[in-house]
Each structure stands twice: as C-alpha cells, then as structure tokens.
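Here's a quick tour of a few spots in this model. Keep the structure open while you read.

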Amino acid sequence: YALIVGAVIVAALVLRIWDPSPVARLRAVVFDTYQQISPRQFDPGLPLRVVDIDEESLKRVGQWPWPRTVLAELVKKLSDNGAAAVGFDMVFPEPDRMSPANALRFWPRSDALAGLRDEVEKLPSNDQVFAEAIGQGAVVLGFIATPQGGSLPQAKAGFAHGGDDPRLFAPSYPGAAASLPELQDKAAGAGSLNWLPEHDQIIRRVPMVVQVGDKLYPSFAADMLRLAQGASTYMVKSSGASSEKAFGEKTGIAKVRIGDYEVPTEADGEMWIRFTKQAKERYLPAWKVLNGDIGKEEIEGRLAIIGTSAAGLLDLRATPLEASVPGVELHAQAVEQILEGSYLQRPDFATPAELLHI
C-alpha cells in the first residue's frame with residue numbers, strides 16, 4: 001500500500017513539474033469556470049467608452065472603410081468634447097484610396113474635366129486631413145507586431161526598468177504592421193494590439209509590453225492609460241529588482257508601472273483579464289457621435305477607444321464568458337481592470353506550494 005501511495009505521489013509530482021499540454025489545458029478550463037462563477041461586474045462609472053462602428057453606423061455613414069475625413073471628424077468630435085485620450089483599435093498602413101487625387105485615376109480624360117481636375121489635385125489628401133485631426137488631440141494609434149518582419153513603429157514613450165532587462169522575457173517580434181508615417185508623426189501614443197493565442201483561441205491574457213526589433217513597446221491599453229495621465233515613461237520591474245525575490249534566477253517580469261497604476265503581470269509581461277459580461281452601457285454608436293447626438297457629459301474626461309462590433313468586419317474574439325465579442329472589448333476590459341485595480345494574480349510561490357502540498 002505504501003509503495004502504491006508513494007508511486008502515485010511521485011507520479012503527481014513528475015506530472016506537475018513536466019506540465020504537459022493536457023494538464024495546462026485542464027488548468028485553463030478550471031480558470032474559465034472560476035470566471036463564469038464570479039465574473040467582474042461592469043461599472044458604468046468608469047471613465048472609458050467604446051466608440052462603436054456598428055451595423056447601424058455602417059448603414060448611416062456608408063460601407064467600410066470610411067474615408068479618413070470621416071475618421072478625422074470623429075476624432076475632432078471626441079477631442080472637442082473633452083476626451084482624455086482617443087485610441088484606434090485598427091491600423092492604417094496604406095494611403096486612403098478615396099483621397100481626391102486617387103479618385104482622379106478613375107476619371108475619363110477630357111478637355112471638359114481638365115480645369116476641374118486641376119482644382120481637385122490641389123485639395124489635401126484624406127490622410128493629411130486625418131493627420132491634422134490626430135495632431136490636435138491625444139490620440140493613440142494601434143500597431144500589430146508580426147513574426148514576418150516589417151518596419152518598426154514610432155515609439156512615443158520611454159521605458160525604465162529595475163532588475164533584469166525585460167527584453168529577455170517580453171514577447172518578441174522582428175517587425176510590425178503600423179500606420180502611415182504621416183499619421184504616426186502626429187499621434188501622441190502607439191500601442192500593440194497583439195494578444196498571444198492559446199490552444200483553443202480563447203483570450204485570457206493580454207501582454208502589457210512587447211519587443212519589436214530591439215525596442216520595448218507598450219500594449220494599446222497601457223498607452224491609452226499613459227496618455228490619459230500625461231505620463232511619459234513606463235517602469236518595468238523584473239526579477240532582481242528591489243523587493244522582487246528571484247533567488248538569483250532570471251524569473252521574468254513582475255510589474256509594469258503606468259503613471260499612477262502598477263500592474264502585476266506574468267513572467268512574460270502578460271496580464272490576466274478578469275472579464276465582465278458584455279454591457280451596452282460600454283458602447284457609444286459612432287454615428288451618434290458624428291451627428292452630435294451624444295453630449296459632452298458622455299465623453300468629457302473619458303478614454304474613447306474606436307473599434308467595431310459589425311459582424312461583417314470580422315473583428316470578433318472568444319473569452320471565457322462569451323463565444324464571440326468585438327475585439328475592441330478586450331482592450332476596453334483591460335483598461336477597466338487596471339482602473340479598478342482588480343487583478344487576477346498567481347504569486348511566484350504558488351507552484352512550489354502546490355508541489356509541497358502534493
């Protein structure tokens with residue numbers, strides 16, 4: 001009997017230390033069950049709203065993509081109404097094909113249109129109009145770090161660190177897909193829209209920092225918070241930093257400080273998200289903002305993330321609570337969680353404690 005019990009204990013220890021994929025997947029199921037039993041409750045008083053390019057907005061304004069003059073007007077409406085920061089959960093890597101000069105390519109060549117063609121060529125491009133609106137507000141542009149390489153996004157904030165270099169642990173990519181340089185030049189912030197997929201494509205975590213090339217960049221959610229606070233630098237605490245016990249080992253990132261907020265993370269800099277169920281109060285229809293139907297009291301002092309819930313635009317993700325939610329909601333919920341200071345944490349000693357318990 002003692003040999004059998006001993007063998008079972010040893011097998012359990014080996015299985016936990018080895019941590020094969022089935023065990024990790026079982027933990028994910030347990031995590032999802034805890035979320036479903038006790039989800040975070042949505043607080044409508046939090047200073048964040050999603051400006052939603054929904055189906056009704058597409059019906060009223062037109063099919064996507066909208067001319068960037070429309071997006072410029074959207075930014076201007078939000079900025080004029082006192083938004084603390086405006087962010088785009090999208091990337092603009094190519095010139096707007098609806099700019100006046102681009103439209104001329106489809107005009108017939110004729111003497112009758114020659115004078116009009118000359119006047120149209122003098123008009124600013126839609127991207128110039130959009131860039132000007134971005135430059136007049138506190139705007140964060142998203143980028144997508146990619147394993148295929150590409151250019152480096154413009155960095156808008158500095159990084160300081162205590163302990164080991166966080167670039168040893170953060171998700172690393174050779175390049176990124178970013179917006180046009182003329183748009184990046186005017187933006188006050190830049191943040192990664194990436195998430196790291198798990199085996200079942202359910203999103204449970206979001207990275208607070210990523211490495212692109214040899215530089216660190218913040219997540220989109222983090223840079224929205226930084227810009228809203230007027231901060232300029234992130235502080236990353238890793239193993240070996242003051243008050244972070246690592247016993248001489250390079251165990252990873254422990255916290256990321258964003259202005260007044262200190263965010264606990266996993267070793268790779270990811271933050272676990274404690275989700276809420278979808279809430280209509282989180283969303284402001286983009287068409288209503290453009291029409292002026294939404295007053296200053298709904299926008300002033302809030303972080304406004306522009307994204308889409310329209311099913312045809314295919315920006316849909318799965319969470320532990322919902323089979324399909326707009327991708328923009330992931331960034332919104334990450335910001336809300338940091339504002340509330342409501343974190344899901346697994347302390348460094350959890351795994352050793354589990355092994356001792358076995």
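## A hairpin

In E13, Tyr-261 is the bridge partner of Ile-258. Strands here (E, at least two residues) are DSSP runs, numbered from the N terminus. Strand E12 (residues 253-258) and strand E13 (residues 261-264) run antiparallel and are joined by 4 bridges; two strands count as paired if DSSP finds at least two bridges between them. The hairpin of E12 and E13 has 2 residues between the strands, and Gly-259 takes a positive phi near 60° there.

A note on the model: it's predicted, so local features need pLDDT of at least 70 and side-chain atom pairs count only at pLDDT 80 or more, while totals for chains, interfaces and linings use all residues. Residues are numbered from 1 along each chain as its sequence is written, and side-chain values use heavy atoms, with hydrogens and water left out.

## An open sheet

Next up, 3 strands form an open sheet with mixed pairing, in the order E5-E9-E10.

E5 pairs with strand E9 (residues 209-212) in the parallel sense, over 2 bridges. Opposite Ser-172 you'll find Gln-211 in E9.

## Around Thr-308

Is Thr-308 buried or exposed? It's buried, at a relative accessible area of 9% (buried means under 20%, exposed over 50%, partly exposed in between, using a 1.4 Å probe and protein chains only). Thr-308 sits in strand E16 (residues 303-308).

A polar atom of the Thr-308 side chain lies 2.8 Å from the backbone oxygen of Ile-53. The backbone nitrogen of Ala-310 lies 3.1 Å from a polar atom of that Thr-308 side chain.

Note on methods. Polar contact = N/O pair within 3.5 Å; in protein donor to acceptor, adjacent residues only side chain to side chain.
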